[in-house]
Amino acid sequence: MEGREEDVRVGANKYGERQPIGTAAQAQGVKDYTEPPPAPLFEPGELSSWSFYRAGIAEFVATFLFLYITVLTVMGVAKSPTKCSTVGIQGIAWAFGGMIFALVYCTAGISGGHINPAVTFGLLLARKLSLTRAVFYMLMQCLGAICGAAVVKAFQKSQYEMLGGGANTVSKGYAKGSGLGAEIVGTFVLVYTVFSATDAKRSARDSHVPILAPLPIGFAVFLVHLATIPITGTGINPARSLGAALIFNKDQAWDDHWIFWVGPFIGAALASLYHQIVIKAIPFKSK
């Protein structure tokens, strides 16, 4: 054991870190990147800015398109008696992940490309945006989701009601606790990926990161859907769940609806805490 410890010590001295990591980096006091200052809780000046409303409109349109494409995909799979003749679960996952990839890419420079109240909530807790903007984003996301689902129903009302309208429910054979856990962990994966893909340090040191940021976010959505579609149909987005449930408006859509708000918000809060305390290595203050 002593020999192994010596090897480790010599190796550590010979192959030191080029960049300090963790709390060591915090102690250096010198950064080669600029960390955006924490957003104020309330910023009244935003309400008189066109860019504020432009960002909200971008969130509305993005969530509208997201619901329109994904609900149609879910209905197409549900319509077929044999999944082999459709895109199946993998196709649904690709539809959700692919749309997030495309929409984040399109709207990131305008609103940040949240398209999800849980993402907005996680970024709010990390002080990435003001409470004023967060509430406005969530409102526009929910309205966009409702309108997106409504357009699908307007195009094919009988099919929409017969095929469930893409509404999220806890599948038979699974307890409510299982559904809640799936939503918490799934949203944690998504919001953690969002934080990592948009980290200021990474963006400064790797020029390709801002361009590729939508890719890991969309891929995270794809993977979470593969894992949790059999359990809850995969919510991880309260606006998506609300839009489908409100337009479908049947008892089964509302029975477990609280899971698709509580789960994502808990998952987003945990991801925000993990990123701030562990990944960014923010030290606890002590007297």
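The legends below describe an overall view and several close-up views of a predicted model. Local features need pLDDT of at least 70 and side-chain atom pairs count only at pLDDT 80 or more, whereas totals for chains, interfaces and linings use all residues. Residues are numbered from 1 along each chain as its sequence is written, and side-chain values use heavy atoms, with hydrogens and water left out.

**Figure 1. Overall fold of the protein.** The protein has 14 helices and zero strands; helices (H or I, at least four residues) and strands (E, at least two) are DSSP runs, numbered from the N terminus. Of the 287 residues, 44% are buried, that is, under 20% relative accessible area, with exposed meaning over 50% and partly exposed in between (1.4 Å probe, protein chains only). Among contacts (heavy atoms within 4.5 Å) between residues at least 6 apart in sequence, 80% join residues at least 24 apart. The protein exposes about 15200 Å², of which carbon and sulfur atoms supply 65%; accessible areas come from the Shrake-Rupley method with a 1.4 Å probe, and for residues only the protein chains shown count as cover.

Figure 2. Helix α5 comprises residues 117–125 and includes Thr120. Thr120 counts as buried because its relative accessibility is 0%. Leaving aside residues up to four places away in sequence, Thr120 touches His114, Leu129, Ala134, Tyr137, Met138 and Gln141.

Figure 3. Ser241 belongs to helix α12, which covers residues 238–248. With a relative accessibility of 1%, Ser241 therefore counts as buried. Its contacts, not counting residues up to four places away in sequence, are with Asn168, Gly235, His257 and Phe260.

**Figure 4. A nonpolar surface patch that includes Ile57.** Leu47, Trp50, Tyr53, Ile57, Val61 and Leu65 make a nonpolar surface patch of about 560 Å². Patches are made of residues with over 30% relative accessible area and no salt bridge; like charges are joined within 9 Å, and nonpolar side chains (Val, Leu, Ile, Met, Phe, Trp, Tyr) within 5 Å. A salt bridge is a side-chain nitrogen of Lys or Arg within 4 Å of a carboxyl oxygen of Asp or Glu. Ile57 is located in helix α3 (residues 50–79) and counts as partly exposed because its relative accessibility is 40%.

Figure 5. Residues 57–79 are 100% helix and 0% strand, with end C-alpha atoms 33 Å apart. Residues 135–155 are 100% helix and 0% strand, and their end C-alpha atoms lie 31 Å apart.
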